[in-house]
Amino acid sequence: MKQAAIVLLALVLCAPAIVPATGHDPTAPLRQFIDGFNSGNVQSAFAAYAAGTITIVDEFAPHVWTGPNAAHEWADAYDKHAQATGVTDGKVTYSKPTRIVEDGDVAYVVMPTVYLYNEHGKPLKEEGQVTAVMNRESGAWKIRGWTWTGVKPHPAK
């Protein structure tokens with residue numbers, strides 16, 4: 001999600017692709033969202049979300065986004081935060097989930113992550129995790145909500 005203008009332009013010019021996170025793996029849409037974030041593929045990233053109200057909690061203001069447009073509002077806020085703080089080259093890596101709890105058409109997923117970025121040209125790193133709630137919609141898992149929990153940023157080695 002490079003610039004708010006790019007995100008908005010992509011949303012206007014490209015009809016949202018329906019890219020289902022298929023199969024039985026409730027982590028698939030979370031990986032799809034992160035991979036889309038990393039590559040700037042907004043269609044894939046946004047297609048990982050469930051229909052209706054979703055909730056996102058993250059470390060930058062306003063810290064919580066709720067509603068059917070929460071993913072887009074989060075992306076806009078991320079871009080504004082990045083521009084205001086000199087953040088560039090944001091990338092999230094992830095590891096094998098440490099916990100998956102499935103109960104019918106809902107799942108709870110905890111996935112270790114590392115957020116790597118530059119702030120005013122200095123490489124920084126935040127180890128953390130994403131905790132997400134998934135819903136199965138029409139046979140595909142989708143993100144209903146997630147929260148980022150991480151350590152204080154520190155120099156990347």
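Let's start at a turn: strands E5 and E6 make a hairpin with two residues between them, and histidine 120 in that turn has a positive phi of about 50°. Quick bookkeeping: this is a predicted model, so local features need pLDDT of at least 70 and side-chain atom pairs count only at pLDDT 80 or more, while totals for chains, interfaces and linings use all residues. Numbering runs from 1 along each chain as its sequence is written, and side-chain values use heavy atoms, with hydrogens and water left out.

Strands here are DSSP runs of E, at least two residues, and helices are runs of H or I, at least four, numbered from the N terminus. Pairing needs at least two DSSP bridges between the strands.

So, E5 (106-119) and E6 (122-137) pair antiparallel over 14 bridges, with methionine 111 opposite valine 130. E6 also runs antiparallel to E7 (140-150), joined by ten bridges; there, arginine 136 partners tryptophan 141. That hairpin has two residues between its strands as well, and serine 138 takes a positive phi near 50°.

Now, which residues lie nearest the centre of the second largest pocket? Asp58, Trp74, Tyr78, Val92 and Tyr115, out of 20 lining residues. A pocket is an open set of points on a 1 Å grid over the protein atoms alone, where a 1.4 Å probe fits, with protein on both sides within 12 Å along at least five of seven lines; lining residues have an atom within 4 Å of a point. H2 gives the largest share of that lining, four residues.
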